[in-house]
Amino acid sequence: ESFWRDWNGLRMGSLPDEWRDVVARSLMVLKALTYAPTGGIVAAPTTSLPEWIGSVRNWDYRYCWLRDATLTLLALLNAGHAEEATQWRHWLLRAVAGDPSDLQIMYGVAGERRLTEFELPWLSGYEGSAPVRVGNAASEQLQIDVYGEVMDALYQARLHGLPAEQPAWELQQTLLGYLEEAWRKPDAGIWEIRGERRHFVHSKVMAWVAFDRAVRTVETQELDGPVDRWRAQRDEIHTEVCAQGFDGQLGSFTQSYGSPELDASLLVLPLVGFLPASDPLIRGTIEAIERELVQDGLVLRYITRAGVD
């Protein structure tokens, strides 16, 4: 109890009373998902809990997704918990060391790379929702957006006062060098769709984020890099997404190039600065998502079609 009271400390003091306990509790949950010896942050401490009772969509989440970890990190940073950001940065540098083309979207809490997925058929599963799984095959997927999330998290960490460490910046430049070609590839996307790769709009936008944050790092954080080349990459991605990721008939960005489908991840576009929320392309996207994906006040990820994950 003393540890948690001390950890929350006075950082909650600036919040209104009505929100203080809720925010403190949420931050404690995020902190509890961190692995102290390495700084890794797991997505959840559970496996094989089904999306609905009887569903087979019941994956193993006891691993460190780069995407989830960076979002957790930003929440902690915004609440003044910089120590966790420092530990996570050290974990990241250890976990992703090596060839940037071998970057995984997820690792074990100690940086393990082999997360082979297999089933335990002798277990019935939660409420009979088999199979029970260990490992996660998504670790072998290409998900372009994670590069943007990692770049943004490291940029934000320095913005919140973490010192600029040369090994971290060297890693970022290496990742960007790989991304200069990789962003053009189709991928599995944020929802880890287990089917044919596509040119997901969210993935392309997060590649834009990667180069945008690199440019901002050079411009505002006194680190060196080929900023003109990064600006050109950023502009090229922006132009392509607006041309190929927007459906004029729908008046909205779509889930992937050439698709009429909508996707909740498109709501991230104004949040990461791709376009302002007041832009007609963004307004049209929000209105389309409200029409098609909002049910009972909640937002569906996307419409699941028969035979499509």
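Keep in mind that the model is predicted. The largest pocket comes in at about 970 Å³, and there are 11 aromatic pairs in the structure.

**The largest pocket**
- A set of 34 residues lines the largest pocket, and R67, D68, I190, W191 and R301 are the ones that lie nearest its centre.
- Top contributor is α3, with five residues.

**W91 and Y107**
- As noted, the structure has 11 aromatic pairs.
- Take W91 and Y107: their ring centres are 6.1 Å apart and the planes sit at 80°, so this pair counts as edge-to-face.
- W91 belongs to helix α4 (residues 82–95) and Y107 to strand β4 (residues 106–107), so the pair ties together parts 16 residues apart in sequence.
- Both W91 and Y107 are buried.

- F246 and F253 have ring centres 5.3 Å apart with planes at 80°, so they are edge-to-face.
- F246 is partly exposed, at 22% relative accessible area, while F253 is buried, at 0%.
- Ring pairs join F246 and F253 with W208 and F274 in a cluster.

**A charge over a ring**
- R194 lies over the face of W59, 4.0 Å from the ring centre.

How values were computed
Residues are numbered from 1 along each chain as its sequence is written. This is a predicted model: local features need pLDDT of at least 70, side-chain atom pairs count only at pLDDT 80 or more; totals for chains, interfaces and linings use all residues. Side-chain values use heavy atoms; hydrogens and water are left out. On a 1 Å grid over the protein atoms alone, a cavity is a set of points where a 1.4 Å probe fits but cannot get out, and a pocket is an open set with protein on both sides within 12 Å along at least five of seven lines; lining residues have an atom within 4 Å of a point. Grid points are joined across faces, edges and corners, and a volume is the space filled by probe spheres set on the points. Helices (H or I, at least four residues) and strands (E, at least two) are DSSP runs, numbered from the N terminus. Rings of Phe, Tyr and Trp (its six-membered ring) pair if their centres lie within 6.5 Å; planes under 30 degrees apart count as stacked, over 60 as edge-to-face and the rest as tilted. Buried means under 20% relative accessible area, exposed over 50%, partly exposed in between (1.4 Å probe, protein chains only). A charge sits over a ring if NZ of Lys or CZ of Arg is within 6 Å of the ring centre and within 35 degrees of the ring normal.
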